[in-house]
Amino acid sequence: MKIFLAVNKKHAKQIVDVLISLTPKPYILVASYDDEVEVLAKLQGCEFIKIKDIEKLYTIEKLEEFDIAIAGLDDDVLNIAVARVAKSMGIPMVVAFMHNSMNRDEMLKEGVTYIINIENFISSNLKFVLLPDTWIIIELIPVIKLIIAIYRVVKRSVLGVNVKVFDEIIENEKIKVFAIDGVGNFVNENKPLERDNIIIAIGTEDKILKAVAEFEKIFRKYEQLYTLKYTDIQRFGGYG
Amino acid sequence: MLVPFRRLLHKAIPKSTAIGYTLSGKFSKHVKDIVSDRDIFYDTYAMIYGFSRSRTYTALRTIYLNVPYGRGYVYLYGATLTQTPITLFLNLDSKCIRRNIIENAIELMSEGACSLYLAIPFTNDSFSQLYRNRIYRLFKNLGVGLELLHPSYTLVVGKSRVFKDSPSTIWSTEILAATLIELTVGRNRVKVEDIGCVDVIPSAMQGVESIYAERLAIDFINMLISRKIIDEEQAKEYLEMVKSS
């Protein structure tokens, strides 16, 4: 197998690490602007070419024999340009790093077969830490559109919702929903969710997005019931 | 059969690539109509250089820059995407752009009359003031860029190679490209045209002009050093001049 990799120093180690662990070891041609990548490539037994201008890649005739191209540069425009070269050279599989999710369509138009969404990984992890009571969508394996929706329960722990309620509405959908507590133990589906429990739903993109909208409706319904209950308590002067 | 004059004219113009840029993703309709004209442009991209949190739906091919507010990088990335020898950069929010200005600019380029064409200042009072005090003073001292009276321009047309070879700066890469051409090829290769209309930088960008101006000055001085036009001692003098202004 022949793999062409255009990469910068930021991502070089992790990609080369994966490529050299493949058996049988593929023939790897690394292209980069950075001297650091040249050192890494040569010491790991890869062929290296220094690029100043992506257009120069069109002059490398042997690229036509390659099976996979990986565009792992630190900018979407550069990765799009690499994908365009790979496509014109007839490389059947093009993998590209994406740093801004809004550039997805443009990447697909330029012939990218598989997109690795760097932005989603960073933003979703940050959101998980900083934004409780919010559904966070993480692209697990974008290649097969497998995603995961995560929800950390904080304020809504008072509502008394349990996982079974969610499970019931997705009965016919091919997704899985469950909850874990703060230390990673599964929460019984009949037990009301407590503070810092994490709801996890896993499935394909379209089904998860649809399910998340339904889950949110359930939360709102419980919130309405909760509000009504406490309005009544205030109106009638307590539980008695 | 009668053929409208404009269509005939277009046949004589070699196709180029249009790189439009916008802060907000809202385009001026008449500018969008011009850049969508397939008779003039082989390819057209819209680059969103603002802090965009939602997608812009348009028929134009749209690229969202990874570094928000870095208008200068539009030139670098535009030159990377272009597949024609001539590339045109323009502000999609412009109120001054007219079809005939663009056609004239491309004709000038295709005739070989110049390597870079700039028209329609894109600035505001504060940025222009900073530019005059910090950068234009350097230009006068060095005897280059004397026609570059404004810190940025709405319409920039040039050979694609020019933008690839030019160093970048956060806002005004065209100024670096223009001065580089003047210094390395010749002053007559840059044409700056005054059409009596000015585009104002969006109010959302106010307050950061000093960063852009200072960065432009530093990048300009670095360019002079790297091209061995000035030495380290002169560079220090120029940096002092920038800081004292």
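Colleague: Is Asp196(A) buried, exposed or partly exposed?

Modeller: Asp196(A) is partly exposed, because 13 other C-beta atoms lie within 10 Å. The cut-offs are these: buried needs 20 or more other C-beta atoms within 10 Å of the residue's own, exposed means 12 or fewer, and partly exposed is in between, with C-beta atoms placed from the backbone. This is a predicted model, where local features need pLDDT of at least 70, side-chain atom pairs count only at pLDDT 80 or more, and totals for chains, interfaces and linings use all residues. Residues are numbered from 1 along each chain as its sequence is written, while chains are lettered from A and ligands numbered from 1 in the order in which they are written.

Colleague: Where does Asp196(A) lie?

Modeller: In the loop between strand E9 (176-180) and strand E10 (198-204) of chain A. Helices (H or I, at least four residues) and strands (E, at least two) are DSSP runs, numbered from the N terminus. Asp196(A) has a positive phi, near 70 degrees, though it isn't a glycine.

Colleague: And what about phi of Asp133(A)?

Modeller: Phi of Asp133(A) is positive too, near 55 degrees. You'll find Asp133(A) in the loop between helix H5 (118-130) and strand E7 (135-141) of chain A. Asp133(A) counts as exposed because it has 12 other C-beta atoms within 10 Å.

Colleague: Which residues does the cis peptide bond join?

Modeller: Thr23(A) and Pro24(A), with omega about -5 degrees. Pro24(A) is in the loop between helix H1 (9-20) and strand E2 (27-32) of chain A.

Colleague: New topic: how many helices and strands are there in chain A?

Modeller: Seven helices and ten strands. Chain A is more spread out than a compact globule, because its radius of gyration is 24 Å, well over the 18 Å that the globule rule gives for 240 residues. That radius is taken over C-alpha atoms, and the rule is 2.2 Å times the number of residues to the power 0.38. Along its principal axes, the C-alpha trace spans about 85 × 30 × 30 Å.

Colleague: How is chain A divided?

Modeller: Into domain 1 (2-117) and domain 2 (131-235), with bounds from an automatic or database domain assignment. Taken over C-alpha atoms, the centres of the two domains of chain A are 39 Å apart.

Colleague: How many residues of chain A are in contact with chain B?

Modeller: 13 residues of chain A, and they meet eleven residues of chain B. Contact means that the C-beta atoms, placed from the backbone, lie within 7 Å. Helix H3 (residues 76-88) of chain A gives the largest share of chain A's side, five residues.

Colleague: Why is H3(A) called largely enclosed?

Modeller: Because eleven of its 13 residues are buried. Val82(A) and Ala83(A) are among them. The buried residues of H3(A) pack against several elements, including strand E1 (2-7) of chain A and helix H3 (72-81) of chain B. Just after H3(A), Gly90(A) takes a positive phi of about 80 degrees.

Colleague: Which residues touch the most other members of the largest nonpolar core?

Modeller: Ala69(A), Ala71(A), Val82(A), Ala96(A), Met47(B) and Leu155(B), in a core of 116 residues. H3(A) gives the most to this core, eight residues. A nonpolar core is a set of buried Ala, Val, Leu, Ile, Met, Phe, Trp, Tyr and Cys residues joined through C-beta atoms within 7 Å.

How values were computed: Contact = placed C-beta atoms within 7 Å.
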